[in-house]
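Hi,

Here is the structure I promised to send over. Have a look at it first, then read my notes below.

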Amino acid sequence: MSEYDRGKRTVSGCGLSGMMSLTGERVDGQAIRSSIAILHERSNGLGGGFACYGIYPERADQFALHVMYDTVEAQEKAEELIGEEFNIDLDERIPTRFNPNIKNPPLLMRYFVLPRPLLLQEARLTAEDFVLQRVMRINGEIPGAYVFSSGKNMGAFKAVGYAEDIADFFRLEEYQAYIWIAHGRFPTNTPGWWAGAHPFTLLDWSVVHNGEISSYGINKRYLEMFGYRCTMRTDTEVMAYLLDLLIRRHKLPVELACDVMAAPFWEQIERLPERRQRLYRALRQVYGGALVNGPFAIIFGRQGEMVGVNDRIKLRPLVAGRKDDWLYLSSEEAGIRAMCPRPELVWTPRAGQPVIGRLGSKKVIGEPGAEVSTLAAERVGQEVAT
Amino acid sequence: MSTTTRDSDIRGRKARKAQRGARVQGYRPADFVWRRDADRCALCKRCVQQCGFDAISWENEPVADPAKCVGCHRCEAMCPQRAITIEPNPQYLRPHPLWTESHRKNLWLQAETGGVLVSGMGNDLPYPIIWDSLLLDACQVTNPSIDPLREPMELRTYLGRRPDQVEVAMTLEGPDLAAELPPNLELAVPVLFAAMSYGSISLNAQKAIAMAAEELGTYWNTGEGGLHEDLKPYAHRAFVQCASGRFGVTVDYLNSGAAVEIKIGQGAKPGIGGHLPGEKVSAEVSETRMIPVGSDALSPAPQHDIYSIEDLRQLIYALKEATNYEKPVSVKIAAVHNVAAIASGIVRAGADIVYLDGFRGGTGAAPTIIRDHLGIPIEIAVAVVDQQLREEGIRNQASLIAAGGIRSSADAAKAIALGADAVALGTAALLALGCTLCQKCYTGRCSWGITTQDPALTRRLDPYVGSRRLVNLVRAWAAELEEILGAMGVNAIESLRGSRERLRAVGLDRTTMDVMGVKPAGVGA
């Protein structure tokens with residue numbers, strides 16, 4: 001892909017699916033594969049991918065860097081940087097198998113690393129921030145090298161092709177995870193860049209996204225104020241950085257971060273109790289640049305948590321389902337039934353209402369009939385009451 | 001030979017004295033011709049009464065002195081028989097691309113008088129208008145547009161300082177705000193009224209604006225002329241200005257407003273103080289401004305306690321102390337070449353709002369040469385200031401108001417997309433009140449009752465009617481802004497604010513586009 005094309009932002013429609021065991025039970029990638037396969041029509045073979053949590057239990061304390069290289073020079077440069085900055089416990093090629101529909105794969109490597117203690121001390125950063133900076137540097141400064149996963153005990157796998165072929169190519173049936181998130185992509189302009197596929201990840205965050213952010217321009221400029229460089233030119237990157245800023249750096253609870261990105265309307269805010277009004281007014285005043293406007297449905301995961309949320313007027317589909325200790329999310333009910341043929345409960349979350357599954361908690365936030373314990377639920381409750 | 005010159009065309013006592021002694025008249029063709037259809041005319045004398053400029057006299061029928069006619073169209077509008085026509089003077093000076101007619105007329109006037117020429121309203125020279133080279137985006141297929149007739153659209157805007165992040169405290173009843181935000185103004189629409197002082201405009205005009213601001217849920221601005229007793233009920237919706245002349249500034253005045261504004265400069269006259277001709281200083285103006293009746297109210301060019309950015313900081317904090325840190329402090333500057341760095345300094349000095357006035361901004365009176373040749377376009381000023389504040393990571397610390405030539409809701413939308421939080425309307429508001437842009441505000445003879453203090457003229461402007469028209473105007477713009485947002489597929493004004501991705505340039509040179517951070521039309525996302 002030419003530099004010019006790389007500079008363009010790719011917009012796309014998509015299919016999404018996610019599944020999470022609230023008790024941490026790990027399963028292989030076959031169920032998620034069949035779910036995203038049934039959403040085949042929502043993608044066009046120009047990109048797909050998976051994120052899975054709990055796949056590297058034997059190296060759970062190390063950062064797993066998944067890197068793709070277009071050229072040998074890129075590999076040399078990136079490995080030099082990785083070698084200088086990190087202690088590498090293991091480096092290996094990511095296991096793949098031949099699939100006729102996955103064409104021209106780049107060189108795919110993974111490294112299990114920890115920041116060099118002395119450098120970390122000098123940098124006066126948390127290990128996470130240290131890793132984040134190095135990942136940004138590789139992605140921003142070494143052409144042809146791209147880190148597509150950098151969390152602990154999790155991994156992203158993505159490629160150009162249909163998601164079910166990608167699952168096959170990356171041998172996902174050999175991994176065991178308690179969260180699986182999948183994405184099939186329908187980009188509307190120049191295809192063919194592996195790094196541009198979803199999920200988009202940052203440390204142990206992963207995001208899959210269906211939609212086009214109509215407020216991309218300001219979201220990007222807002223993030224730049226906090227040092228994020230949007231190099232990928234995809235909307236999803238913006239989502240990932242916003243989540244990182246709001247939840248990790250500004251320490252907002254996940255529910256409130258969702259309420260920033262899919263902000264309630266002033267009209268709804270004015271119906272809240274006075275104390276809540278003040279909070280929500282402040283959130284909208286301060287985080288206007290982080291309001292994600294336009295159609296989106298996203299599923300994002302991090303260690304121990306999976307969240308699905310829609311834009312503030314639900315311009316893209318998202319369906320949720322439950323059975324036993326599993327939470328399912330998908331663009332369509334068919335996607336849920338492919339993972340779980342007989343769900344106990346299937347519902348359509350309201351606009352802006354996050355569905356949050358947390359490891360160890362059997363209650364899913366945003367589930368119908370759940371106690372009104374979250375802000376989001378309270379908000380909707382108010383709306384229903386009036 | 002007749003002439004349009006009157007004393008107040010020429011600024012300064014010295015010049016006027018010189019003029020009285022040494023006026024050397026010469027030929028200057030009139031700007032307009034005044035025609036009356038004698039068949040229609042009912043000889044009612046209304047035109048004679050209506051002209052604020054004594055251009056029409058009664059000699060058994062109305063007779064006009066075209067040289068005195070300013071083209072304000074009051075007589076024409078009020079003629080019950082529609083018998084009057086005002087046209088550009090067809091008496092044709094041989095055209096010359098360099099020595100334009102206005103250059104020649106100005107030169108002749110100066111040869112006649114030896115004075116500094118004075119004008120009203122904004123720069124009227126044909127500089128490029130960048131608004132007209134910018135186009136807005138709309139949604140097609142990949143992201144849906146939103147129908148403002150069927151879905152909520154949010155224009156609510158806050159002005160003031162904000163922290164970078166919200167501190168949330170987890171309490172038993174759920175999350176709560178850990179620290180109150182600094183004071184912010186809430187606007188129902190991202191549009192407010194620009195600073196126009198009592199003195200430069202009539203009390204009725206200011207009353208109309210103040211009432212409209214209250215009804216619209218937005219703010220008006222006292223300008224530098226103090227706050228008239230009658231307007232105190234509307235003070236809670238006012239920016240009260242503290243300018244270099246300190247006219248009418250008392251601690252009660254400061255505390256009566258919603259925000260305090262330090263006026264450093266004005267787009268129409270950067271680097272120049274205010275100039276209210278003595279003709280407009282009536283008894284009531286004198287009381288409100290705390291100056292003698294009939295005296296020229298000349299506010300100094302600089303604020304005499306601000307000779308540096310650290311001095312500005314002191315005044316900002318003096319005003320915050322005086323108002324108990326309960327009101328945002330705005331600093332109004334003219335857009336000049338180094339505006340980005342200046343604005344950044346202002347924010348760092350503690351201002352909560354930066355009011356940028358572009359070179360097209362209006363005025364009641366300014367030296368023509370200053371009005372027409374100093375400053376830079378607001379389009380560029382907003383773009384570079386917003387970018388500078390973002391690069392420095394201080395954009396959250398202050399809001400930006402853009403003013404100086406906002407003609408329509410499209411201009412407002414473009415200003416907001418370039419980075420403004422809100423726009424201020426000065427000339428547009430006066431047009432809504434009936435102004436026809438004759439540019440003779442400085443004479444104090446406005447036939448429409450807007451920029452005059454003559455009771456016979458001011459009573460022509462009914463503040464209730466005026467306020468109705470202003471409310472209509474802003475409501476119409478708000479509805480249009482909602483249409484624009486909907487077409488762009490967003491439903492809150494903050495999603496347009498600073499989103500230059502939604503702007504494309506046609507016919508701008510590359511350097512200007514780079515400076516403004518705008519891509520050319522044809523380049524996609």
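This is a predicted model: local features need pLDDT of at least 70, side-chain atom pairs count only at pLDDT 80 or more; totals for chains, interfaces and linings use all residues.

**What I found**

Let's start with one pair of strands: in chain B, strand β18 (residues 329–334) and strand β19 (residues 353–357) run in the parallel sense and are joined over five bridges.

Eight strands of chain B make up an open sheet, with parallel pairing, and their order is β12-β22-β21-β19-β18-β15-β14-β13. Which strands sit at the edges? They are β12 (191–193) and β13 (220–221) of chain B, and each of them pairs on one side only.

Now zoom out to the domains of chain B. This chain splits into domain 1 (7–118) and domain 2 (157–161 + 176–520). Taken over C-alpha atoms, the centres of these two domains of chain B are 32 Å apart. Their contact involves 14 residues from domain 1 of chain B and 19 residues from domain 2 of chain B. On the domain 1 side, strand β6 (residues 116–119) of chain B has the largest share, with three residues. Sorted by class, that side of domain 1 of chain B has seven nonpolar, five polar and two charged residues.

Chain A is also assigned two domains: domain 1 (3–55 + 153–385) and domain 2 (56–152). Here the C-alpha centres lie 24 Å apart. The contact between them takes 24 residues from domain 1 of chain A and 26 residues from domain 2 of chain A. On the domain 1 side, β7 (154–159), α6 (163–169) and β9 (200–202) of chain A supply at least two residues each, and β7(A) has the largest share with five residues. By class, this side of domain 1 of chain A comes out as 12 nonpolar, six polar and six charged residues.

Last, how do the two chains meet? In total, 36 residues of chain A are in contact with 38 residues of chain B. From chain A, α7 (216–225), α10 (266–269) and α11 (274–286) each bring at least two residues to the side that touches chain B. Which of them gives the most? That is α11(A), with seven residues. The side of chain A that touches chain B divides into 18 nonpolar, 10 polar and eight charged residues.

Cheers

Key: Residues are numbered from 1 along each chain as its sequence is written. Chains are lettered from A and ligands numbered from 1 in the order in which they are written. Two residues are in contact if their C-beta atoms, placed from the backbone, lie within 7 Å. Helices (H or I, at least four residues) and strands (E, at least two) are DSSP runs, numbered from the N terminus. Ala, Val, Leu, Ile, Met, Phe, Trp, Tyr, Cys and Pro count as nonpolar, Asp, Glu, Lys and Arg as charged, and the others, Gly among them, as polar. Domain bounds come from an automatic or database domain assignment. Two strands pair if DSSP finds at least two bridges between them.
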